Number of protein chains: 2
Amino acid sequence: MSSTRSPYQLSDLFTARTRTLIPPLFGAVTTAGPELISLEYGLADPTCFPRDDLLAATATVLAEDIESLNYAPTSMDLVAQILARLQAQGIAAERDTLLVGYGSSQILGLLPGLLVEPGDVVLIEGPSFLGAVHQFATAGARLITIPTDADGIDVEALEAMLIELQREGIRPRFVYTIPTFHNPTGATLSLERRKKLVALGAAYGVLIVEDDAYVDLRFEGAPLPSLAALDSEGWVIRVGTFSKILAPGLRVGWAHAHPDIRGRLAMLKAEGSTGSFLTQLVARYCADGRLERHIEALNVHYRRKRDVMLAAIDREFPEDVQVTRPAGGFFVWCKLPPDISATDLLPYAEARGVTFLPGTSCFADGQGDDGIRLAFSYQPAEKIATGITLLGAAMRDLREK
Amino acid sequence: MSSTRSPYQLSDLFTARTRTLIPPLFGAVTTAGPELISLEYGLADPTCFPRDDLLAATATVLAEDIESLNYAPTSMDLVAQILARLQAQGIAAERDTLLVGYGSSQILGLLPGLLVEPGDVVLIEGPSFLGAVHQFATAGARLITIPTDADGIDVEALEAMLIELQREGIRPRFVYTIPTFHNPTGATLSLERRKKLVALGAAYGVLIVEDDAYVDLRFEGAPLPSLAALDSEGWVIRVGTFSKILAPGLRVGWAHAHPDIRGRLAMLKAEGSTGSFLTQLVARYCADGRLERHIEALNVHYRRKRDVMLAAIDREFPEDVQVTRPAGGFFVWCKLPPDISATDLLPYAEARGVTFLPGTSCFADGQGDDGIRLAFSYQPAEKIATGITLLGAAMRDLREK
């Protein structure tokens with residue numbers, strides 16, 4: 001209330017690491033208009049959200065677990081359910097290896113605080129999920145991109161890079177990988193490569209961060225062992241989430257990691273436990289096999305939408321566009337012919353009424369203009385088909401320009 | 001799966017600041033047995049949780065706001081409601097000054113990352129809420145305790161300390177204060193001291209962190225202006241929560257701060273926005289004046305429990321125990337006579353069947369053995385009365401030992 005302004009600068013109080021942060025401008029998020037069919041983001045299909053069962057679970061929690069509305073820890077029922085799922089996958093998960101967080105994005109966001117000093121090397125896949133990669137970059141990580149192909153991360157290229165870095169005296173902190181139904185490529189890492197990747201982690205003392213957000217959305221074929229199940233020494237951090245199998249907006253995910261990592265991540269989690277009411281609600285929903293039945297229904301639903309997208313692509317895209325056929329997940333990845341650039345294509349697509357994620361948004365090193373990611377998760381089947389028809393037309397528009 | 005163990009140490013990958021963290025042992029939380037009347041913790045009264053209205057709000061969100069279950073930002077309805085409440089208190093709150101988080105504890109836990117390098121001075125009240133103070137200490141803050149009395153923090157002592165520190169060339173980062181219905185003392189900072197405190201912040205370039213968790217739980221008297229309402233330069237960070245006025249287990253709190261602070265805190269918040277479903281649920285509950293009516297009912301309820309506790313203390317405690325008469329909040333603070341130590345009293349109290357928080361748990365510098373905190377928030381009225389009777393008997397037991 002003093003009319004004399006303080007002689008001090010607020011910004012002089014900021015820590016070194018936050019002084020140079022530039023907060024993003026606060027403004028409305030611009031979203032595609034209703035007339036545009038967006039195949040851009042991996043949103044869940046809202047028609048699959050189990051409204052009635054979530055409401056019933058809420059009613060049960062409010063009736064029977066009222067102390068979850070008080071100060072209370074993360075639901076131990078939920079912890080037990082996650083542990084049981086992990087153990088059924090052959091992972092030696094225990095209470096002291098499991099951390100529940102506000103979405104897997106919270107866990108991934110906490111990792112740099114534990115593992116990355118500015119300049120430390122982090123190995124990422126090209127392409128990858130840049131939402132996570134951005135967190136590593138913000139912490140000052142030196143990102144090195146390892147190529148991927150239809151069988152996932154190229155472990156030979158990874159080994160060559162590890163050897164080269166070791167020669168320079170550099171020990172990378174971790175490899176960030178999405179081994180199953182990859183975002184954005186849809187690829188699944190082969191068993192042979194899984195074994196090799198885990199062995200490389202131990203041999204070079206590099207953590208493997210296994211982001212398995214999509215693993216339960218399997219439309220066909222038998223599951224492969226998770227990297228964590230192949231790891232006996234604690235070099236794998238396995239990150240999972242309820243976002244794809246229940247609802248992203250609930251924000252509940254988890255990590256399984258060596259107790260020394262799990263304990264420190266828990267201490268970096270400023271707010272302590274993860275909402276007792278929220279986690280008990282999820283636990284009540286998941287109980288009695290309900291989650292597993294829901295996942296089965298999701299897989300029937302999403303498989304059909306994948307098939308609609310793939311059939312439309314076969315019908316509508318130029319023949320020299322190469323397409324992956326993912327066995328699960330949310331995404332189809334297309335490799336474009338040399339005369340079609342993803343960023344050039346985008347305005348033609350939007351003019352036709354459809355949008356997608358250009359591959360450049362999936363690489364941290366500027367690659368990707370020869371790829372596009374198409375999400376079949378969110379749009380209804382008829383809009384997927386229409387969107388692909390429009391996108392095929394846009395490709396021809398670009399060629400004929 | 002290799003039988004050769006890695007030649008590398010996991011712990012060599014940890015950042016400097018996390019290498020020395022000792023994660024707490026993972027084990028069951030020990031709670032008082034059912035036979036013990038706990039007046040120890042500031043839990044909310046579970047009979048006050050608005051089960052039916054929360055269930056109705058959940059039903060409405062699931063029926064009308066289904067996209068809140070998808071990837072979505074923090075509820076803008078909730079942001080608007082919090083802004084309206086702050087603006088009604090004369091605070092110049094805008095969208096770019098408000099950050100919603102998972103409880104005020106998350107916001108307080110993020111503060112050190114923004115403001116505290118190891119060795120930086122943070123000024124705290126004696127006594128204070130050590131849950132928050134612990135976060136500052138973990139970040140390496142040098143804590144300096146400023147005394148408080150029945151009118152809140154001693155601003156003359158604070159000014160003397162600021163002068164002394166300035167002489168040493170030290171600029172403290174912030175003062176952490178609970179100005180209204182203090183935890184643990186129940187005291188409310190006088191208007192005169194409020195003005196002086198805000199002026200000191202600006203004059204010395206020190207932030208004032210105003211934790212006003214209890215401010216809405218006013219049983220009598222007129223509200224005083226918040227420190228944020230008295231601040232025109234952005235030196236006050238006001239932290240608030242739904243924990244005391246709705247339910248702690250929901251984990252929803254907020255901070256109002258200068259945009260340069262708000263923006264950086266948002267970037268330190270690893271998971272990004274705060275649960276779209278959770279925050280929309282709280283927004284739906286709070287709408288249509290329902291929150292304000294609920295707060296009125298809470299104040300009738302908690303006032304009665306405070307009065308039961310104070311009447312029992314008058315009746316049951318030795319006359320030389322000094323007791324505060326808080327005009328709101330959750331706590332009564334008792335100053336013990338010289339021959340009764342809080343830590344000595346505790347086993348006598350537990351033997352009688354009652355427990356409390358010794359004052360030593362409210363000071364960071366070893367003071368407090370002459371004080372105890374009694375929470376009237378959680379226990380039903382009859383248990384409060386019984387608990388105080390038992391505690392009075394324990395005081396006589398200790399004197400007669």
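Two strands are taken to pair if DSSP finds at least two bridges between them. The questions below concern a predicted model.

Q: Which residue stands opposite Thr241(B) in S9(B)?
A: Strand S8 (residues 236-241) of chain B pairs with S9(B) in the antiparallel sense, over four bridges. Within S9(B), the residue that stands opposite Thr241(B) is Gly253(B).

Q: Which residue of S9(B) does Leu99(B) stand opposite?
A: Strand S2 (residues 98-101) of chain B also pairs with S9(B) in the antiparallel sense, and four bridges join them. In S9(B), Leu99(B) stands opposite Ala255(B).

Q: Which residues lie on the two faces of strand S9 of chain B, and are they buried or exposed?
A: In a regular strand the side chains alternate between the two faces of the sheet. Strand S9 (residues 253-256) of chain B has Gly253(B) and Ala255(B) on one side, with Trp254(B) and His256(B) on the other. Both faces are covered, and these residues are all buried.

Q: How are H12(A) and H13(A) oriented to each other?
A: Two packed helices are described by the angle between their axes and the distance between the axes. The axes of helix H12 (residues 342-352) and helix H13 (residues 381-399), both of chain A, come within 8 Å and cross at roughly 125 degrees. An angle from 65 to 115 degrees would count as roughly perpendicular and one over 145 as roughly antiparallel. H12(A) and H13(A) are therefore oblique.

Q: Is Leu86(A) buried or exposed?
A: Leu86(A) has its place in helix H3 (residues 76-88) of chain A. Within 10 Å there are 22 other C-beta atoms, and the cut-off for burial is 20 or more. Leu86(A) is therefore buried.

Q: Which helix gives the most to the side of chain A that touches chain B?
A: The contact takes 78 residues from chain A and 80 residues from chain B. Several helices of chain A each supply at least two residues of that side, among them H1 (16-19), H2 (51-64) and H4 (104-115). With seven residues, the helix that gives the most is H4(A).

Methods
Residues numbered from 1 in each chain as written. Chains lettered and ligands numbered in written order. Predicted model: local features only at pLDDT ≥ 70, side-chain atom pairs only at ≥ 80, totals over all residues. Axes fitted to C-alpha atoms, helices over the stretch in contact; angles between N-to-C directions. Parallel < 35°, antiparallel > 145°, perpendicular 65-115°, else oblique. Contact = placed C-beta atoms within 7 Å. Buried ≥ 20, exposed ≤ 12 C-beta atoms within 10 Å, placed from the backbone.
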